Amino acid sequence: PDKPAMIIYQETKAGFIEDIQNNYFAARIEDAFIKKTGSLPVDSRGWANDYARFSTVLSSAKVADDITIAIEYHCSPVGRKRIDVLLAGGDGGQDNGLIIELKAWDTASATEIDGMVFSPIGGGTIKQHPSLQARQYKGMILSFNQDISAAGIQLHPSAYLCNLYRRTPEPLEDARYQSLLSESRLFLADDNAQLKAYIERLVPRKAKNDILFLLEHGKWRPA
């Protein structure tokens with residue numbers, strides 16, 4: 001493949017939280033992005049804030065300091081598909097990778113188009129449901145990287161919308177999205193306790209495999 005998988009920023013949980021607390025994170029990820037790709041994407045302006053919001057949940061979770069985190073992981077050799085967060089760890093028996101799509105949206109609504117939502121981006125545009133985006137990333141990793149399956153690592157997609165508080169009823173949890181949400185969890189701004197519990201259940205300790213190494217350097221399936 002022309003562009004192999006690439007992780008822009010990787011750290012232990014403790015290292016990531018320290019970078020956020022010391023205000024080093026934005027500089028580190030921007031430097032790494034420029035070194036590895038030659039430019040910065042448009043969405044880089046929101047990184048410091050979005051990842052700081054996620055670090056608040058992660059720092060409160062009772063998980064080992066040495067579980068690992070990949071941020072801005074280019075998961076496909078074709079196109080620019082980037083996973084916001086991938087947490088790698090294990091539950092003592094099973095190694096797990098948590099794919100988390102972060103969104104700063106403060107509103108969104110359902111559409112009649114399968115798997116799509118009306119987002120606030122650019123004054124209002126139709127975008128994929130964030131949980132669908134995460135589920136597609138899982139599919140991409142499994143279709144390109146044969147070592148992840150071979151090692152028995154389970155991938156768990158989800159989305160975290162840190163500025164969107166649940167409405168009654170919540171359009172992004174509408175019946176039309178239910179089968180999607182059973183495969184790819186959705187956490188809203190008032191779900192921090194649930195997201196924390198989800199992280200604690202799946203990645204409380206260091207994985208047996210070096211999951212981030214396999215994600216970046218694993219063997220590619222022949223096309």
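**Helix 1**

I looked up what covers the buried residues of helix 1 and found that the cover includes strand 1 (6-12), helix 2 (25-37), helix 3 and strand 2 (68-74). Covering here rests on contact, meaning heavy atoms within 4.5 Å. Helices (H or I, at least four residues) and strands (E, at least two) are DSSP runs, numbered from the N terminus. The model is predicted: local features need pLDDT of at least 70, side-chain atom pairs count only at pLDDT 80 or more, and totals for chains, interfaces and linings use all residues. Residues are numbered from 1 along each chain as its sequence is written, and side-chain values use heavy atoms, with hydrogens and water left out.

In helix 1 (residues 13-21) I noted Lys13, Gly15, Phe16, Ile17, Asp19 and Ile20 as buried; buried means under 20% relative accessible area, with a 1.4 Å probe and protein chains only. Asparagine 23 follows helix 1 and has a positive phi, near 60°.

**Aromatic rings**

I found seven aromatic pairs in the structure. Rings of Phe, Tyr and Trp (its six-membered ring) pair if their centres lie within 6.5 Å; planes under 30 degrees apart count as stacked, over 60 as edge-to-face and the rest as tilted. Both phenylalanine 16 and phenylalanine 25 are buried. Tyr9, Phe16, Phe25 and Tyr51 form one aromatic cluster.

**Largest pocket**

I read about 770 Å³ for the space in the largest pocket. A pocket is an open set of points on a 1 Å grid over the protein atoms alone, where a 1.4 Å probe fits, with protein on both sides within 12 Å along at least five of seven lines; lining residues have an atom within 4 Å of a point. The lining has 24 residues, and Asp43, Glu101, Leu102, Lys103 and Trp105 lie nearest the centre. I noted that helix 4 gives the most to this lining, with four residues.

Helix 4 has 15 residues and reaches 21 Å from first C-alpha to last, close to the 21 Å expected, where the expected span is 1.5 Å times one less than the number of residues. Its buried residues include Pro130, Ser131 and Tyr137.

**Alanine 159**

I found alanine 159 in strand 8 (residues 154-161). Alanine 159 counts as buried because its relative accessibility is 0%. Leaving out residues up to four places away in sequence, alanine 159 touches Glu101, Pro130, Ser131, Arg185, Leu186 and Phe187.

How values were computed: Grid points are joined across faces, edges and corners, and a volume is the space filled by probe spheres set on the points. Buried means under 20% relative accessible area, exposed over 50%, partly exposed in between (1.4 Å probe, protein chains only).
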